[in-house]
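Student: I have a new protein model to read. Can you walk me through it step by step?

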Amino acid sequence: MFVSVILLLVALGVQVGNGEVKEEVQRPGHVSVVIVGGTGDLAKKYLWQGFFELYVKQVRSRNTFSFYGGGLLPSEKATPVLFETLKAVSCSKTISPEQCALLKEQFLRLSQYRQLKTLKDYQDLAKHIEQELQQEEITEAGRLFYLSVPAFAYADISSKINSSCRPNGGAWLKVVLEKPFGHDLRSAQELASQLGSSLKDEEMYRIDHYLGKQVVAKILPFRAGNKKLLDPIWNKHHIERVEIILKETLDVKGRIQYYDQYGVIRDMLQNHITEIMTLLTMRLPLNLSSSEEVIQNKLQIIRSLLPIGKSKAVVGQYQAYQAEVRQELNQTKDQVTLTPTFAAVLAHIDDPQYEGVPILLSSGKMLDERVGYARILFKNDIFCLQSQGSIHCKPKQIVFHFGHGSLKYPAILVSKNLFKPAAMDSDWKEVTDHSDLNVLGLPISEYYVQTPIEYREAYSELIYQIFAGYKNSFVSTENLLASWGLWTPLLLSLTNSYPRIYPGGAENGDLLDVHVKGKEIIYHNEVVIINDDHVSGTSPNGFQVMQGKFRSDEMVSAWAEELVERLAVDLQEAAEAAVYKDGVFHMALSGGSTPLALFHRLAQHHFSFPWRNTHVWMVDERCVPLTEMESNFHSLHDHLLYHVKIPYYNIHPMPVQINHRLCVDEDGGALRYEKEISKLVYQSRFHFVLLGVGQDSHVASLFSGSSLASEHGESLVAVTESPFKPHQRMSLTLKAINQAQRVALLVMGKGKHDMLTQMSRVKNNPDKWPVTGVKPTNGKLVWYIDYDALLG
C-alpha cells in the first residue's frame with residue numbers, strides 16, 4: 001500500500017517544497033509515526049497538521065509512511081474523532097485544490113487509530129508494523145513516537161516503547177517529549193534518570209515550540225549574516241539592555257489543574273524565554289548546522305548566568321485567578337493560592353562581553369495585548385540640541401518580533417539609525433510598504449523590516465526537524481538540568497511570597513511597570529490594594545515600613561527587602577553623622593546569616609558610604625581560623641569587605657588565633673582586642689553595634705545559663721562557651737554593647753516568631769534571656785523586625 005500511494009502521487013505530478021534544514025544522512029525506507037495522545041487538543045490543533053505537511057514534503061522522497069493515533073480509549077470510540085481531525089488538515093497555497101484533495105485522501109488511507117494502554121497494546125503495535133513491512137517487502141527507516149501526554153506518563157510509555165517497540169536492523173528511534181520537563185531541578189533529574197534508563201539522549205527530542213517560530217529560528221542566521229556589523233556593537237560598551245517579553249491577554253481557565261502547580265516562571269521563563277535568551281547571547285557557532293556546537297554554546301551561556309535571587313524578580317497575579325482556582329479545583333473560599341500569573345526577572349551574565357548588561361525577562365497572563373518580542377536596545381551617544389525629531393536622536397534597536405501585537409506579523413526590525421541588515425534567504429522579504437503604526441517607540445517607517453514570505457506554524461517546522469534529525473531547536477538533558485539549576489533557587493525563594501494583584505487587561509495601567517535598581521528589580525510604583533471578595537490575604541508590597549514599640553524600645557518593621565533597605569539607610573546616616581562630627585565611624589558587626597542581606601545591600605547600593613573613614617569591628621567570633629568558612633570574619637569579608645573600598649588597617653578581626661592556638665587563655669586574645677578598642681574608639685563607645693538574636697534569645701556570643709554581668713564584670717571582650725559547635729567563642733560583653741551610641745537588633749524569619757512572642761512578655765533577665773540585657777546606658781536601641789518574625 002505504501003509504495004502504491006507514492007507512485008500514484010508522483011505520477012500525478014504533486015510538487016512539494018524542500019525544507020530549509022539540512023537532513024541527517026539516514027537510509028531511506030518506511031517510517032512509522034505514532035502520536036500517543038493522538039485525539040487530544042494539541043494533536044487536533046497542531047500535530048496532525050504538522051505531520052501532514054511532513055508527509056507532503058516527503059512524497060517524492062524514497063520514504064514511505066504510516067501514521068498511528070494512539071490513546072487510552074477503545075478504537076470504536078476514538079476512530080471517528082481521529083478521522084474528523086484528519087479531514088481538517090490543509091495544504092499550502094502552492095498546491096492546487098485537486099492535488100490537495102488527493103494528498104489528503106492518501107494521508108487518511110495511511111492513518112489509523114490504535115488503543116495504547118497496556119504493554120500488550122504496544123507489543124501488538126510492534127507486530128502490526130513488522131507485518132506491514134514484510135507484506136510490502138520494504139526496509140524500515142525508523143519509528144517516531146510523539147508523546148502528547150502528561151509528563152507523569154513519560155517514563156512508563158518510554159519503558160513500554162523500549163521493551164516492545166524498538167525497530168530492528170539499524171533503523172532509528174525518535175521519541176518526542178512535550179513540556180513540562182519536571183517541576184524543579186530535583187524532579188527534572190528524576191525524570192531524566194527514568195527516561196535515560198529506556199532511551200538514549202540522541203533518541204529524545206524535548207520540544208519547545210517557541211524554537212520553531214520563524215523569527216526565533218532566524219536569530220542565529222541573522223547574527224551570522226550581519227556578523228561584521230554586529231561584532232563591534234554586540235557587547236557591554238554598546239548594549240544598554242536586552243528585553244525578552246511574552247505577553248498574553250487570555251486567562252488560564254480550563255488549564256488551572258496544570259497552571260496552579262507551575263505558574264508563569266515554570267510555564268514560560270524557565271523554558272521559552274531562557275532558550276531565546278541563549279540564542280541572543282551565546283557565542284556564534286562556527287557552523288550553524290552543527291547541533292552539538294549550538295547546544296554546547298547555549299549551555300555555556302546558561303552556566304554563565306549569575307544566580308537569580310528573590311531581589312531580582314517581581315511577581316503578580318490577576319485579580320480573578322483566585323476565584324477560577326477555587327471553582328475548577330473545588331476549593332473552599334478560605335483557600336489562597338500564591339501562584340504567580342505575571343513575572344519580571346532581571347538577569348546578568350558573568351562574562352566580559354555582557355558584564356553589567358541588564359537582561360529583562362517577562363511574561364504574564366491577562367495583560368493589555370498579545371505580543372512576543374526580543375529587543376536589543378543600544379546606547380545612543382548622540383545628543384540633538386534642536387532637531388530632537390531627527391532619527392539620530394531616537395532609540396537604536398533591533399527587534400525580533402515573534403508575531404501578534406500591533407504589527408500582527410512576525411518580523412525582524414532594525415532601526416535605520418543603526419545599520420541596514422543583509423538580506424535574508426529566499427523565504428524572507430523586505431517590507432517597504434509601511435502602515436501608520438509604532439513598534440516599541442519608533443514609527444515602523446524608521447525600521448528596516450524583514451518578514452517571512454509565507455507563515456509556517458512552529459510545530460510543523462519542528463516536526464520536520466525531528467524527522468531530519470536536526471537537534472538545534474531541541475533541549476538536551478544537560479541544558480535542561482542547567483536551566484532548572486538556575487531557576488529552582490528563585491522558585492524556592494518565592495514559595496511564600498504574595499504576588500501583586502492586578503485587575504487584568506488595559507486596567508493594569510502602570511501597575512506592573514518595573515524599575516531596575518542596580519542589580520535588583522522592583523515595582524516602579526506603590527501597590528494599589530484591590531478590594532475583592534474573592535481575594536484574601538495581603539500583598540507584601542501593600543505594607544509600608546511600620547514604626548512602633550517593642551519591649552518599650554523603638555521598633556521598625558517591614559517585609560524583609562524593605563526592612564534591610566531601611567536598616568542600610570539608617571546605618572549610612574549614622575556613619576555620615578559620625579564622620580561629620582568625629583571624623584571617624586566605628587561600627588561592630590555581628591556574625592551569622594541574618595546580616596548577609598544587609599551586607600549585600602551596602603555593597604551593591606550604598607556607593608557613597610564613607611568607607612574610608614569607617615572602622616569595622618567584630619561583635620563576636622567563633623574560635624576557628626579566620627580562613628575557614630565557619631568564621632564570622634570570613635563571611636563578613638566575602639559578603640561585604642571584599643566589595644567596598646575600605647583601608648585594610650580599618651578592619652579589626654578578633655584575635656582568636658595566636659601562637660597557632662585557638663582562644664587559649666594565656667594568649668590573652670580577648671584582652672588584646674579590648675586594648676585595641678580602648679586605643680582607637682573614643683571612650684570605648686562604638687557609634688553603631690549591629691546584633692542578631694538567636695531562637696534561644698542569645699545575642700552576640702552571650703548565651704543563657706551563666707551570670708553574664710558578674711562573670712564579665714568591667715571587661716569589654718570575653719571568651720565564652722556556646723552550646724553549639726564550635727563551642728568556644730569570643731564576644732563583646734554586655735558592657736561593651738551597652739556603651740554604644742546606637743544598637744540595632746535585626747530579627748528576621750518565621751523561625752524567630754516564637755522567640756519574639758516570649759520576649760514581648762518576659763522581664764529583663766539577661767542570665768536566662770541574654771537579649772534582655774541589651775539596654776544602652778546613654779544610647780538608643782532600635783529593633784528591626786521583619787513581618788515574618790513579627791506576625792509568624
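Student: What percentage of the 792 residues in the protein are buried?

Tutor: This is a predicted model, so keep that in mind. Buried residues make up 54% of the 792 residues. The accessible surface comes to about 35500 Å². Carbon and sulfur atoms account for 51% of that surface.

Student: How many helices and strands are there in the protein?

Tutor: There are 23 helices and 34 strands. The C-alpha trace spans about 105 × 75 × 60 Å along its principal axes. Now look at contacts with a separation of 6 or more. Residues 24 or more positions apart account for 76% of those contacts.

Student: How many of the ten residues of helix H17 are buried?

Tutor: Count the residues under 20% relative accessible area. Helix H17 covers residues 596–605, and seven of its ten residues are buried, so H17 is largely enclosed by the rest of the structure. The seven are Leu-596, Leu-598, Phe-599, Arg-601, Leu-602, Ala-603 and His-605.

Student: What covers the buried residues of H17?

Tutor: Both helices and strands do. The cover includes helix H16 (560–582) and helix H18 (632–639). It also includes strands S20 (514–517), S21 (520–523), S24 (585–589) and S30 (688–692).

Student: Next, helix pairs. At what angle do H12 and H15 pack?

Tutor: Look at two things for a pair: the angle and the distance between the axes. Helix H12 (residues 291–304) and helix H15 (residues 477–493) pack at about 15°, with axes 10 Å apart. Angles under 35 degrees count as roughly parallel. H12 is therefore roughly parallel to H15. Their crossing is left-handed.

Student: Which residues meet where H12 touches H15?

Tutor: From H12 come Ile-295, Gln-296, Lys-298, Leu-299, Ile-302 and Arg-303. From H15 come Glu-478, Asn-479, Ala-482 and Ser-483. By class, this contact has four nonpolar, three polar and three charged residues.

Student: At roughly what angle do the axes of H5 and H6 cross?

Tutor: They cross at roughly 45°. The axes of H5 (residues 119–136) and H6 (residues 154–164) come within 9 Å. H5 and H6 are therefore oblique to each other. The crossing is right-handed. In H5, the contact uses Leu-119, Tyr-122, Gln-123 and Ala-126. In H6, the partners are Ile-157, Lys-160, Ile-161, Ser-163 and Ser-164. These residues divide into five nonpolar, three polar and one charged.

Student: Now single residues. Where is Asp-788?

Tutor: Asp-788 is in helix H23 (residues 787–791). Asp-788 is partly exposed, with a relative accessible area of 24%. Gly-749 is 39 residues away in sequence, yet its C-alpha is 5.2 Å from that of Asp-788. Leaving aside neighbours within four places in sequence, Asp-788 is in contact with Trp-559, Gly-749, Lys-750 and His-753.

Student: Which residues does Lys-780 touch, not counting those up to four places away in sequence?

Tutor: Lys-780 touches Glu-554, Gln-741, Arg-742 and Val-743. Lys-780 is in strand S34 (residues 780–786). At 37% relative accessibility, Lys-780 counts as partly exposed. Leu-626 is 154 residues from Lys-780 along the chain, and their C-alpha atoms are separated by 31 Å.

Technical notes:
Residues are numbered from 1 along each chain as its sequence is written. This is a predicted model: local features need pLDDT of at least 70, side-chain atom pairs count only at pLDDT 80 or more; totals for chains, interfaces and linings use all residues. Side-chain values use heavy atoms; hydrogens and water are left out. Axes are lines fitted to C-alpha atoms, for helices over the stretch in contact, and angles run from 0 to 180 degrees between N-to-C directions. Helices (H or I, at least four residues) and strands (E, at least two) are DSSP runs, numbered from the N terminus. Angles under 35 degrees count as roughly parallel, over 145 as roughly antiparallel, 65 to 115 as roughly perpendicular and the rest as oblique. A crossing is left-handed if the near helix is turned anticlockwise from the far one by less than a right angle, and right-handed if clockwise. Contact means heavy atoms within 4.5 Å. Ala, Val, Leu, Ile, Met, Phe, Trp, Tyr, Cys and Pro count as nonpolar, Asp, Glu, Lys and Arg as charged, and the others, Gly among them, as polar. Buried means under 20% relative accessible area, exposed over 50%, partly exposed in between (1.4 Å probe, protein chains only). Accessible areas come from the Shrake-Rupley method with a 1.4 Å probe; for residues, only the protein chains shown count as cover.
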